[in-house]
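Thanks for coming. I will go through one structure today, in two parts, and I will keep it brief.

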Amino acid sequence: MMKVLKGKNIVITGASSGIGAKIALKVASLGARPILLARSEDKLASICEKINNQFPVKAIYFSLDVSNTNQVKEVFAKIYQEVDFIHVLLNNAGFGIFDMVHEATMTDIDHMFQVNVMGVIACTKEVLPSMLEKNSGHIINVASQAGKLATPKSSAYAATKHAVLGFTNSLRMEVSPFHIKISAVNPGPIETAFFTTADKSGNYVKNVQKYMLSSEKVADKVTKLIIHPKRELNLPVWMNWGSVLYNLFPGIADKLVGGILNKK
Ligand code: NJP
């Protein structure tokens, strides 16, 4: 494991919190150099310091709002001043707001698309030229089970994650002749700060508490995905059966998902 990751430059968006921060620590423990991006500079600075004190790597960080395309360009230009090649890009920054469509504001919906979709596309476009030139590289997009199976009260969030998966699946075919690996990560609920914004009522967290994944477990699985790339990582595995059944029996699934499986 150590050998595979040693010296690899791994850019992680949304590294100031949740699974992004945990993955940064995990890959650094295996000898990779994490490059941390997010808006909260203070949090990034303290995670970076923790990594550099604990492990013999030189993690760096840059403050970045992935929804700002110009800033994305500027920050990646700065990263390429520090490293020759980005071996892995982990597009992890994202957020959700669970609202019924009639209650959701266009501002929130627009912001979700800017961060979750346009942010992923903008960062991807910054690393593709050098990956194509080197015939190498790995891009991992954190989507969601909500990208495969929509549920009530999360239409806009689910739409952003469906978009991420559509983008990911098309990109994979485009770059496979160049040996660039493209993966999607589709988690179910994970215990992170995500729900502070997504689930203000706290109902969803209460209803799915027993299915919640720990961020450590997700970080371990994503690290394994970096070491052994595959097209999709579904967590937990059984949750993926929901979308398989949905595709086979959409009418019945609508009734189930909108009825007894409605947890929001
Ligand atoms: O959430 P959280 P997670 N520009 O809130 C950053 C997906 N997911 O780790 O900018 C740049 O702890 C934010 O940093 P900051 C989810 O959709 C989760 O759970 O400083 N960065 C922070 O570092 C997301 O794609 C669950 O505020 C921005 C990070 O994003 C990914 O997992 C289930 C940003 C969010 O950390 C990580 O979320 C699922 C911006 N404009 C998918 N806006 C789950 N937790 O249950 C936010 O299926 N960030």
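Let me start with one residue. Leaving out residues up to four places away in sequence, asparagine 116 touches Gly94, Phe95, Tyr157, Thr160, Lys161 and Val164. Please keep in mind that this is a predicted model.

Where is asparagine 116 found? It sits in helix 5, which covers residues 106-134. Is asparagine 116 buried or exposed? Its relative accessible area is 1%, and buried means under 20%, so asparagine 116 counts as buried.

One of those neighbours deserves a second mention. The side chains of asparagine 116 and threonine 160 are joined by a polar contact of 3.2 Å. As for glycine 96, it is 20 residues from asparagine 116 in sequence, and the C-alpha to C-alpha distance between the two is 8.7 Å.

Now the ligand. How many residues surround it? The count is 29, and the closest are Ser17, Ser40, Ser144, Pro187 and Thr192. By type, this shell divides into 16 nonpolar, ten polar and three charged residues. Helix 2 (18-29), helix 6 (155-175) and helix 7 (194-198) each contribute at least two residues to the shell.

Next, some distances from oxygen atoms of the ligand. An N or O atom in the side chain of serine 40 is 2.5 Å from a ligand oxygen. For isoleucine 190, a backbone N or O atom lies 2.7 Å from a ligand oxygen. For glycine 18, a polar backbone atom is 3.3 Å from a ligand oxygen. The ligand taken alone exposes 900 Å², and the protein buries 93% of that.

Notes. Residues are numbered from 1 along each chain as its sequence is written. This is a predicted model: local features need pLDDT of at least 70, side-chain atom pairs count only at pLDDT 80 or more; totals for chains, interfaces and linings use all residues. Side-chain values use heavy atoms; hydrogens and water are left out. A residue is near a molecule or strand if one of its heavy atoms lies within 4 Å of it. A polar contact is a pair of N or O atoms within 3.5 Å; within protein, one must be able to donate a hydrogen and the other to accept it, and residues adjacent in sequence count only if both atoms are side-chain atoms. Accessible areas come from the Shrake-Rupley method with a 1.4 Å probe; for residues, only the protein chains shown count as cover. Helices (H or I, at least four residues) and strands (E, at least two) are DSSP runs, numbered from the N terminus. Ala, Val, Leu, Ile, Met, Phe, Trp, Tyr, Cys and Pro count as nonpolar, Asp, Glu, Lys and Arg as charged, and the others, Gly among them, as polar. Buried means under 20% relative accessible area, exposed over 50%, partly exposed in between (1.4 Å probe, protein chains only). Contact means heavy atoms within 4.5 Å.
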